[in-house]
Amino acid sequence: MTDATLTTPAITGGPSLPQERRLVTSIPGPRSAEILARKAAAVAPGVAHSVPIATVAAGGGVIVDIDGNSLIDLGSGIAVTTVGNAHPAVVAAVAEQTARFTHTCFMVSPYEEYVAVAEALNRLTPGDHEKRSALFNTGAEAVENAVKIARKHTGRQAVVAFEHGYHGRTNLTMALTAKSMPYKSGFGPFAPEVYRAPLSYPFRDGLSGPEAAKRAITLIEKQIGADNLAAIIIEPIQGEGGFIVPADGFLPALVEWARTNGVVFIADEVQTGFARTGAMFASEHFGIVPDLITTAKGIAGGMPLAAVTGRAEIMDAAHAGGLGGTYGGNPVACAAALAAIHAYENDGLIERANEIGAILRERLTALQVSDARVGDVRGLGAMMAVEFVDPATSEPDAALAGAVARAAIAAGVVTLTCGTYGNVIRFLPPLAIGDELLHEGLDVIAQALAEA
Ligand code: PLZ
């Protein structure tokens, strides 16, 4: 290509796309392969991909590629298109907003869309205390800002993150993230005053929630000291780390300890937020009310938007002009968020996440019963995973997870892996997927496992 034009055909996405798995070529087909060859020549190889197709449309439960293949989507672009890709209300809101104005910078001349998103977040996040929100572009940026705010509020510097935690790819969020490859290796030095505490990982540690919390709190008290600690940050369910659901009582004990010691408790709900887990926010499942909550991904139906929401007295600590960014709370992203949030609240999507969760749990548990290589089935709502192990030793089997995912993709099912040990397949379908397509996707996974 010598000019900046596209070869992509005109095609409309959204839920009116035929809801079917349809392979007309092998994956990748010839036209996808051509674009992936251009990618290899033009795009930095650090930006890798897991599904070798060139996407032209998506909606409901499918992704369509440039060769005309229609793949079942069990990933939602990593938990982003939770309302469904190219959701009609999101598309309409984006079109309407784009035609009025695309940007002013909220720090130059503010607009209602941003304020309305902040109001919605303040209303929907756990707890009925007075709250404020600030908007950003990415999950990592929200996490960075939550830490800034907690430090300013407490006048302390240290931050505790957890084993298996994932918080982003910027310098501070790399420091907060546990896993070296591929996220951190060679990219240091990392931000100082970040400490790591042990998690509750019921499948591997056998501890009760209170026992695991005691282990973490002892480490924090002995190695850092509450007086030095600004914040504890944790994902209610570890996402990239392997969809690890902590044992009952773990999170409440941490929240209680943080409150007693003047430490800001930050729930990173970037992956778990917005109906995904069968509640508007995963914190609700664990009965916790975080001081600050970071959100992104599902918030705006695919448009880049992120937020920090929390207690007014903490959020008010940052001085005027101390928070912001050129694009934070872009009006088009905010308009998309208002449409997506309206859908979460009014289209039964929390119930739908629970229905999808019931199907996933039943099908995946059946796999576990018939195949000892499925060591664990876990998750909540439409955020479920299987952890593959060597049946003899329970050692992680990353090769098996990789083989199953590759076979499923080749058969037309977009399947994502995760986990510190790379041995987890995760299921994050759009809530717009139909039961039949979901079952077909799970049939393909089951067959891929049987043949692996
Ligand atoms: N916090 C809990 O899950 C992003 C990462 C994909 P950004 N997770 C997907 C990848 O390999 O880069 C994530 C998350 C949690 C923060 C983030 C970071 O969000 O929008 O990717 O910056």
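Which residue lies over the face of Phe 190, and at what distance from the ring centre?

**View 1. Lys 184 and the ring of Phe 190.** Lys 184 sits over the face of Phe 190, 5.1 Å from the ring centre. A charge counts as over a ring if NZ of Lys or CZ of Arg is within 6 Å of the ring centre and within 35 degrees of the ring normal. This is a predicted model, in which local features need pLDDT of at least 70, side-chain atom pairs count only at pLDDT 80 or more, and totals for chains, interfaces and linings use all residues. Residues are numbered from 1 along each chain as its sequence is written, and side-chain values use heavy atoms, leaving out hydrogens and water.

**View 2. The aromatic pair of Phe 101 and Tyr 111.** Rings of Phe, Tyr and Trp (its six-membered ring) pair if their centres lie within 6.5 Å; planes under 30 degrees apart are stacked, over 60 edge-to-face and the rest tilted. By this rule there are 8 aromatic pairs. Phe 101 is partly exposed at 22% relative accessibility, while Tyr 111 is buried at 7% (buried is under 20% relative accessible area, exposed over 50%, partly exposed in between; 1.4 Å probe, protein chains only).

**View 3. The edge-to-face pair of Phe 162 and Phe 250.** Their ring centres are 6.1 Å apart, with the planes at 80 degrees. Both Phe 162 and Phe 250 are buried.

**View 4. One aromatic cluster.** Phe 101, Phe 106, Tyr 111 and Tyr 114 make up this cluster.
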